[in-house]
Amino acid sequence: MKTLPPGYRRTAGVAGMGRSGAAAARLLASRGYDVTGFDSSHEACKPGFVSRLVTGTPSPDSIRGLAMMVLSPGIPPSADVCRMCREADVPVMAEVELAWAASRAETVAITGSNGKTTTVEWTRHVLDSVPGFKGAVAAGNVGYAFSDAVLERPDCPVFVLELSSYQLELIEDLKPHVAAFLNLTPDHLARHGTMEAYGDAKARIFMNQDRRDTSILNLDDPALERFEHTAGGTVMHFSLERRVARGAWMDSDGYLVFSNGEHDIRVIHSKDLPVPGRHNAANALAVIC
């Protein structure tokens with residue numbers, strides 16, 4: 001969904017009444033939708049922006065006629081509510097895609113198994129120091145639901161999003177201007193089944209990008225090599241181990257260097273970074289990109 005259509009006389013569903021679900025319901029209600037909430041727990045509470053709450057296993061009648069169903073990240077595509085939506089031809093989307101469709105700000109999206117939050121907050125801080133991006137906001141998996149951020153910060157020039165595999169596995173149209181995949185280590189395999197499926201879910205962060213966009217990959221992680229040629233944006237690399245043609249790397253003197261394809265620019269020495277550790281030097285290279 002590239003834009004969020006008006007909700008006049010339309011009902012939307014939201015599955016999962018946690019933080020992200022409540023934020024999605026609030027955003028939908030602000031656009032004129034009547035919102036029906038769904039939660040598998042009979043103890044779930046109805047947020048103030050939800051007209052009706054269906055708990056437990058929903059009936060087909062409660063699904064039929066919905067304009068869309070928005071999923072909280074904790075709801076897997078295999079859930080009963082998703083199956084019923086498919087049977088009723090009700091479009092299903094992730095909460096982050098709903099928020100993206102309602103926003104007109106630029107977006108930087110960051111995923112990976114480790115270091116996401118540090119890199120997101122660091123990127124937001126750097127962007128906030130640039131006049132054109134003053135007021136940059138970190139949202140998504142950092143604990144500030146993207147839907148809430150879109151509502152509460154309508155003049156935000158750029159959202160820096162932390163996106164998990166759960167948030168990315170259902171996106172269809174989300175198109176970040178800049179997307180970074182930091183690393184891949186075993187995690188969430190109970191949901192995704194295999195490392196390949198887990199990596200594929202995260203790599204969806206690149207799927208709608210074109211050459212006007214930027215795709216950032218960690219050159220030191222061999223698990224990311226297979227995404228080199230499937231990333232839709234213009235690829236930049238970062239590496240602690242070797243020089244890169246376009247991106248950021250650490251030289252033999254310990255300086256973090258930005259390379260634009262023609263010139264190398266020393267940005268900062270690794271010992272002068274505000275947070276210590278080799279892993280944070282890698283995060284800093286991603287931020288430089």
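**Exercise 1. Decide how the overall dimensions of the chain fit a compact globule.**

Solution. The chain has 289 residues, so a compact globule would have a radius of gyration near 19 Å; the chain has 20 Å, which agrees. The radius is taken over C-alpha atoms, and the globule rule is 2.2 Å times the number of residues to the power 0.38. Next, take the principal axes. The C-alpha trace spans about 65 × 40 × 35 Å along them.

A note on the source: this is a predicted model, where local features need pLDDT of at least 70, side-chain atom pairs count only at pLDDT 80 or more, and totals for chains, interfaces and linings use all residues. Residues are numbered from 1 along each chain as its sequence is written, and side-chain values use heavy atoms, with hydrogens and water left out.

**Exercise 2. Describe the make-up of the chain, its burial and its surface.**

Solution. Start with secondary structure. The chain has 10 helices and 14 strands. These are DSSP runs numbered from the N terminus: helices are H or I with at least four residues, strands are E with at least two.

Then take burial. Of the 289 residues, 52% count as buried. Buried means under 20% relative accessible area, exposed over 50%, and partly exposed in between (1.4 Å probe, protein chains only).

Now the contacts, meaning heavy atoms within 4.5 Å. Of those with a separation of 6 or more, 57% come from residues 24 or more positions apart.

Finish with the surface. The chain exposes about 13,200 Å², and carbon and sulfur atoms supply 51% of it. The areas come from the Shrake-Rupley method with a 1.4 Å probe; for residues, only the protein chains shown count as cover.

**Exercise 3. Find the aromatic pairs and classify each one.**

Solution. A pair of aromatic rings is described by the distance of the centres and the angle of the planes. Rings of Phe, Tyr and Trp (its six-membered ring) pair if their centres lie within 6.5 Å; planes under 30 degrees apart count as stacked, over 60 as edge-to-face and the rest as tilted. A search of the whole structure gives 2 aromatic pairs.

Step one: Phe 146 and Phe 159 sit 5.3 Å centre to centre, with 70° between the planes, an edge-to-face pair. This pair links distant parts of the chain, 13 residues apart: Phe 146 is in helix α6 (residues 146–152) and Phe 159 in strand β8 (residues 158–162). Both Phe 146 and Phe 159 are buried.

Step two: the ring centres of Phe 181 and Phe 227 are 5.5 Å apart and the planes are at 25°, so this pair is stacked. Phe 181 lies in strand β9 (residues 178–181), and Phe 227 in the loop between β10 (214–218) and β11 (234–239), 46 residues apart. Phe 181 has 0% relative accessibility, so Phe 181 is buried. Phe 227 has 3%, so Phe 227 is buried too.

**Exercise 4. Work out how helix α10 is covered.**

Solution. Count first: 8 of the 11 residues of α10 (residues 278–288) are buried, so the helix is mostly covered. Among the buried ones are Asn 280, Asn 283, Leu 285 and Val 287. Then list the partners. The buried residues of α10 pack against α5 (116–128), β10, β11, β12 (246–250) and β13 (255–260).
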